[in-house]
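Dear colleague,

I am handing over the structure below, and my notes on it follow directly after. Please read them with the model open beside you.

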Amino acid sequence: MTAETPFTIAISDSELELLQRKLELTGLPDELEDAGWDYGVPLADVRRLVDHWKGSYDWRKAEAELNAELPQFTRDIEVDEHGTLNVHYVHKKSDASGAIPLLFVHGCKCRALEEICNKLTLVTGPGSFIEVRKILPMLTAPPEDTQAFHVVAVGLPGYGFSEAPHKKGFGPIQMAEVGHKLMLALGYDQYVAQGGDWGSIITRIIAAKYGPTHVKAWHTNMIIPGPPHPIRDPLRFLRFMVTPLSNAERRGMARGLEFRKIGMGYLMEQATKPQTIGYSLADSPVGLLSWIYEKLVAWTDNYPWTDDEVLTWVSIYWFSRAGPTSAGRLYYENRVSTKELEKYNVRVHTGFSYFPQELFRAPKALTRNLGKVVQDTEHEKGGHFAAWEVPELLVGDLRKMFGKGGPAHGVVQAKM
Amino acid sequence: MTAETPFTIAIPDSELELLQRKLELTRLPDELEDAGWDYGVPLADVRRLVDHWKSNYDWRKAEAELNAELPQFTRDIEVDGHDTLNVHYVHKKSDASGAIPLLFVHGCKWPGSFIEVRKILPMLTSPPEDTQAFHVVAVGLPGYGFSEAPHKKGFGPAQMAEVGHKLMLSLGYDQYVTQGGDWGALITRIIAARYGPTHAKAWHTNVVFLRPPHPIWNFLRFLQYMVTPLSQAERRGMARSLEFQETGRGYYMEQSTKPQTIGYSLADSPAGLLAWVYEKLVTWTDSYPWTDDEVLTWVSIYWFSRAGPTSAGRLYYENRVSMEELVKYNVRVHTGFSYFPKELIRAPKAWSRDAGKIVQEVEHEKGGHFAAWEVPELLVGDLRKMFGKGGPAHGVVEAKI
């Protein structure tokens with residue numbers, strides 16, 4: 001594999017000009033009276049965001065800030081049966097003693113319980129490498145006597161500035177391979193993994209396939225169990241049936257059902273016809289903006305998004321190396337059955353963080369056997385993009401799990 | 001209500017220029033190797049269609065042809081709880097004796113529009129000697145084509161039915177029959193149930209939406225269904241239904257939950273709208289040999305539609321929220337079904353036994369979801385058979401004109 005190549009985001013002027021010209025020609029639809037959020041993103045929000053994108057939003061400033069805060073690199077990674085792909089990632093070593101390597105896999109997708117005891121469905125989100133932005137300094141440069149981490153945030157193929165797959169069938173297992181090979185290439189023979197959204201599935205596979213030899217622990221904030229089979233797994237099924245649900249579990253499950261009823265349209269389209277919707281998302285800035293913004297609002301716990309924040313997230317998709325369409329294909333590739341995922345049993349130390357506005361909620365009775373659960377934290381605040389909304393809470397959980405006295409302290413022999 | 005006002009499609013030059021400029025800025029995605037149709041519309045198709053739209057496609061020519069072939073009008077129709085909407089429609093009377101009024105309600109589920117009446121219109125209004133003729137009214141549903149879009153929430157299939165019915169009455173057709181495909185199937189069903197047998201005398205549809213007999217309330221029928229072997233056609237059709245459910249309903253899930261969100265893309269991106277519509281023009285038809293011009297005319301009607309493409313999607317949402325109400329609509333008038341092999345859904349004939357007064361059921365070897373476009377002669381043939389001399393619904397309307 002090639003050496004670490006530093007990377008700077010530098011979108012060409014012609015790309016900025018094309019975006020500007022398209023924004024100026026934006027055609028907006030009408031809206032029903034008193035529609036609110038019932039039919040999708042309200043027109044007033046979209047109009048305001050488009051105007052800002054067209055007028056005052058400064059991509060060059062956002063670009064410079066990202067480059068200043070996030071040390072980025074690219075590297076060629078070979079994936080079995082898929083050739084070599086050029087992968088973009090953030091890598092920051094910690095100066096603190098006892099720091100351990102952490103692979104952070106951003107959201108792009110995750111699986112959600114469709115119904116208790118039914119097949120799983122795939123869910124995805126508009127995340128990217130940018131999600132590491134707030135937690136990075138907290139993890140790499142914590143206060144005295146607090147666990148530190150060397151952080152690697154991998155840009156999954158097809159997202160952000162990573163090359164997109166060219167062949168069919170590049171799914172979560174291939175993504176896991178990329179993450180693992182990247183860590184090894186960086187000299188991290190032992191490491192721990194943290195993932196939310198899509199990253200949850202991927203890090204689960206990583207922990208199952210490459211642990212305990214390389215992957216020493218797994219933490220996730222999107223906990224997706226397989227439903228217990230009444231015949232194959234009668235005890236777990238029984239326990240689930242008789243354990244009363246906590247308030248938080250009940251609320252979370254209601255949210256999950258609501259999501260399934262009215263929040264999954266984007267997923268159904270991207271999981272079946274990602275190319276078709278891809279033409280719209282590649283061609284229309286306002287189309288891409290509303291597609292993403294709907295979820296930035298619906299999936300967070302009243303997070304006060306500024307217009308600049310929103311537009312930076314959306315711009316990363318707009319300016320991404322492969323364009324926004326390739327990100328959608330993962331939904332399609334991820335149509336794996338429950339049985340396959342069940343093969344990925346995690347046997348290393350596992351930590352869960354439950355945030356109230358996550359998309360769905362699995363009752364604890366079902367999640368206990370997903371891994372060697374050593375830490376289970378319930379939060380009062382935060383949603384699907386926990387690393388962005390409540391970074392201190394997520395980081396707090398990691399510090400508690402891996403720090404001195406924590407249940408997973410010392411799983412990695414800290415050498416650096 | 002105002003008098004019949006003749007209408008001519010006349011898209012302003014500025015609209016054509018905006019479309020042209022947008023097409024020139026089209027940014028296309030990449031594609032996986034050997035993707036075929038697996039992931040959606042292939043890139044080569046979209047590229048070819050966009051290029052044609054940008055350079056050789058002649059909207060003015062298409063516009064002139066539509067205006068020449070389809071006599072169009074607009075009229076204000078008042079809808080309970082929804083103000084008055086200006087409705088666009090095609091209306092052609094027949095010179096033949098014994099002609100009866102027929103309300104044709106097109107697909108509005110993507111991507112139909114009033115254009116679907118184009119081929120069947122001359123066949124219905126000017127048939128050969130001694131063949132049943134019809135006075136045809138093809139209503140442009142609010143929010144589609146050149147009809148004004150609803151402004152308030154809750155304008156669903158029941159309101160669409162009200163529009164179709166009131167239009168017929170305002171045209172002096174106190175008794176009429178209906179034909180509907182796609183969304184039109186549900187709408188004409190509501191019309192037949194609500195306004196029949198007084199006004200709506202018969203109903204024909206090519207999208208047969210039935211429910212299985214209830215295992216308790218309708219035990220005998222249920223038993224009969226369980227033991228009746230399925231025909232080849234039924235089996236194939238049901239397999240197709242299943243496939244549609246599993247891989248063909250993404251558009252439906254999005255439009256029935258977040259029509260506004262997807263609406264921003266469809267209103268802003270010609271290539272996006274094109275791909276969205278074209279996918280269904282191909283997958284829902286029975287190997288119909290679409291020409292690029294045909295496709296682009298269909299898509300252009302959406303692009304240039306009065307309310308834009310977004311409003312068309314909202315009907316899915318409104319239908320979803322009013323689902324429970326719809327089961328109340330029992331049809332008691334003469335009903336005819338036409339089964340086309342590439343339709344999206346297929347119910348076993350055993351389910352139709354209690355669905356109403358089914359007087360005609362025809363199984364076809366060819367044709368899909370856009371039957372009026374793909375196999376107009378077959379659809380028209382079924383209507384002639386049903387309503388013509390000796391047919392099971394002949395004379396339901398006292399032909400006066």
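Arg27(B) and Glu15(A) form a salt bridge in this predicted model, their closest N and O atoms lying 3.6 Å apart, where a salt bridge is a side-chain nitrogen of Lys or Arg within 4 Å of a carboxyl oxygen of Asp or Glu. The count between chain A and chain B is five salt bridges, and across the same interface there are 34 residue pairs in polar contact, both residues being at pLDDT 80 or more. A polar contact here is a pair of N or O atoms within 3.5 Å; within protein, one must be able to donate a hydrogen and the other to accept it, and residues adjacent in sequence count only if both atoms are side-chain atoms.

On the side of chain A that touches chain B, at least two residues each come from several helices, among them H1 (13-24), H2 (43-54) and H8 (247-262), and the largest share, nine residues, is supplied by H10(A). Helices (H or I, at least four residues) and strands (E, at least two) are DSSP runs, numbered from the N terminus. The residues of that side divide into 27 nonpolar, 15 polar and 18 charged, with Ala, Val, Leu, Ile, Met, Phe, Trp, Tyr, Cys and Pro counted as nonpolar, Asp, Glu, Lys and Arg as charged, and the others, Gly among them, as polar.

In total, 60 residues from chain A and 59 residues from chain B take part in the contact, contact meaning heavy atoms within 4.5 Å. The two chains bury about 5300 Å² between them, 55% of it on carbon and sulfur atoms; buried area is the accessible area (1.4 Å probe) that two parts lose on being put together, summed over both. Leu25(A), Tyr39(A) and Tyr279(A) supply 17% of the area that chain A buries against chain B, more than any other three residues.

As for conventions, residues are numbered from 1 along each chain as its sequence is written, while chains are lettered from A and ligands numbered from 1 in the order in which they are written. Local features need pLDDT of at least 70 and side-chain atom pairs count only at pLDDT 80 or more, whereas totals for chains, interfaces and linings use all residues, and side-chain values use heavy atoms, with hydrogens and water left out.

On confidence, the predictor gives the complex an ipTM of 0.85 and a pTM of 0.88. The average pLDDT (the predictor's confidence in each residue, from 0 to 100) is 87 for chain A, where 91% of the residues score at least 70, and 89 for chain B, where 95% of the residues do so. Within chain A, confidence is highest in H1(A), at a mean of 97, and lowest in strand S5 (residues 109-113), at 29. Over residues 109-124 of chain A pLDDT stays under 50, and for this stretch the model has 79 contacts beyond four places in sequence.

Over all chains, a search of the whole structure finds 32 salt bridges. One of them joins Asp307(A) to Arg48(A), the closest N and O atoms being 2.8 Å apart; Asp307(A) lies in helix H12 and Arg48(A) in helix H2 of chain A, so the pair ties together parts that are 259 residues apart in sequence. In chain B, Lys280(B) and Glu279(B) form a salt bridge with closest N and O atoms 2.7 Å apart, and Lys280(B), at 3% relative accessibility, and Glu279(B), at 2%, are both buried (under 20% relative accessible area, with exposed meaning over 50% and partly exposed in between; 1.4 Å probe, protein chains only). Lys61(A), Glu65(A), Glu69(A) and Arg133(A) are linked in a network of salt bridges.

Some backbone details also deserve a look. Most residues other than glycine have a negative phi, and most peptide bonds are trans. The peptide bond from Gly211(A) to Pro212(A) is cis, with omega near -5 degrees, and Pro212(A) lies in the loop between helix H6 (198-210) and strand S9 (215-220) of chain A. In chain B, the bond from Gly196(B) to Pro197(B) is cis, with omega near -5 degrees. Asn302(A), which is not a glycine, has a positive phi of about 50 degrees, and Asn302(A) is exposed at 73% relative accessibility.

With best regards
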